[in-house]
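The sequence and the structure are shown first.

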Amino acid sequence: MGKKQNSAKNRMSFFKKLLWSVVIIITLSTATMVYRTYQKIFSPNVFLRNKVSDYVFIPTAATFEEVMNLLYQKGFILNRASFELLAEQKKFPGNIKAGRYKIKNGMSNNELINLLRSGHQTPVNLVFNKLRIKSQLAGKVAKQIEADSTSIMQLISNPNFLRKFDLDTSNVMAIFIPNTYEFFWNTNAEQFFDRMYSEYQRFWTDARKEKQRKTRLTPIEVIILASIVEEESNKNSEKPTISGVYLNRLKKQIPLQADPTIKFALGNFEIKRVLKKHLEINSPYNTYKNRGLPPGPICLPSIATIDAVLNFENHKYLYFCAKDDFSGYHVFANTLQQHNQNATRYQKALSKIK
């Protein structure tokens, strides 16, 4: 009887040990799976070589495969299998949002997928300054947003589209005020134009409009004149004086005779001296042959220059000429005789230095 009881106890002890062994094995297996899952989700899986952060640009209508290729080509993802597995589980393939996203070194799969799925992109600071022709603007902008230069050029060269804004293919450049603008990268050509037109309207505050009316020019004409003044001088202090000269000539219906417009008409901005042969070009931008302002701006004038036109100096000067000390400043004259004397001095100074 005693032997049977001991045998039963031994069997019970064995089963208990076996049960605990199974429990321990299951617990360890579960812990291992949990740990591995945690690693897949929360452990760092983004590696940027020698960088704290970088950007990925996801195009409009990109597929999941295309996004993966973008990330892999840049070498951002350490463990691709774990990233793609979690991406599928979090339904990222059906929630791709175009844009420019800031990727940080050491991000986990979870952090990266949540970022890309959220659409919380980092804006770009779109900058353009003194540009002269449409293709320069289109090329400059296309390097900073998703819209390509061709789509931008087609839009700003489309008379039917521009007519809706009371613009034409000659004066459309006047609405692009040089500055720094915050844009989302995935901006198309029409969105870019709409935003710039809104910025143009915002630029014309009541205070500026009041000054604009005193010039007897429209807002577009103010910018066209400012583009000429911009090319005439880089000295902000004398720009109101130069603006006053041109406004006086417009008032008296005297041709502006602005050399920068000849360079624009010729498409050659490297000309140092405008010669008589240059003045023969048949172009609406030849302000020696045509009275009044040209049909559009010859560059994108700075805000300082636009404001210089609005704050033009009220005087009687009709002429100006570069100073013979080559300082970049100008001398002004009321009469043609005075102007010719100033011009002769400048020509002699040029001849001395050949």
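## Terms and basis

Buried means a relative accessible area under 20%, exposed means over 50%, and partly exposed lies in between, with a 1.4 Å probe and protein chains only. By this scale R132 is partly exposed, at 22% relative accessible area.

The model is predicted: local features need pLDDT of at least 70, side-chain atom pairs count only at pLDDT 80 or more, and totals for chains, interfaces and linings use all residues. Residues are numbered from 1 along each chain as its sequence is written, and side-chain values use heavy atoms, with hydrogens and water left out.

## Salt bridges of E231

A salt bridge is a side-chain nitrogen of Lys or Arg within 4 Å of a carboxyl oxygen of Asp or Glu. Eight salt bridges are counted by this rule. E231 pairs with R132, with the closest N and O atoms 2.9 Å apart. Because E231 lies in helix α10 and R132 in the loop between β3 and α5, this pair ties together parts 99 residues apart in sequence.

E231 also forms a salt bridge with K130, at 3.5 Å between the closest N and O atoms. Helix α10 spans residues 219-232, and K130 sits in the loop between β3 (124-128) and α5 (134-142), 101 residues from E231. Helices (H or I, at least four residues) and strands (E, at least two) are DSSP runs, numbered from the N terminus. E231 is partly exposed at 22% relative accessibility, and K130 is partly exposed at 38%.

## A pair within helix α8

R202 and E199 meet in a salt bridge of 3.1 Å, N to O. They are three residues apart in helix α8 (residues 189-203), which means a separation of about one helical turn. R202 is exposed at 54% relative accessibility, whereas E199 is buried at 16%.
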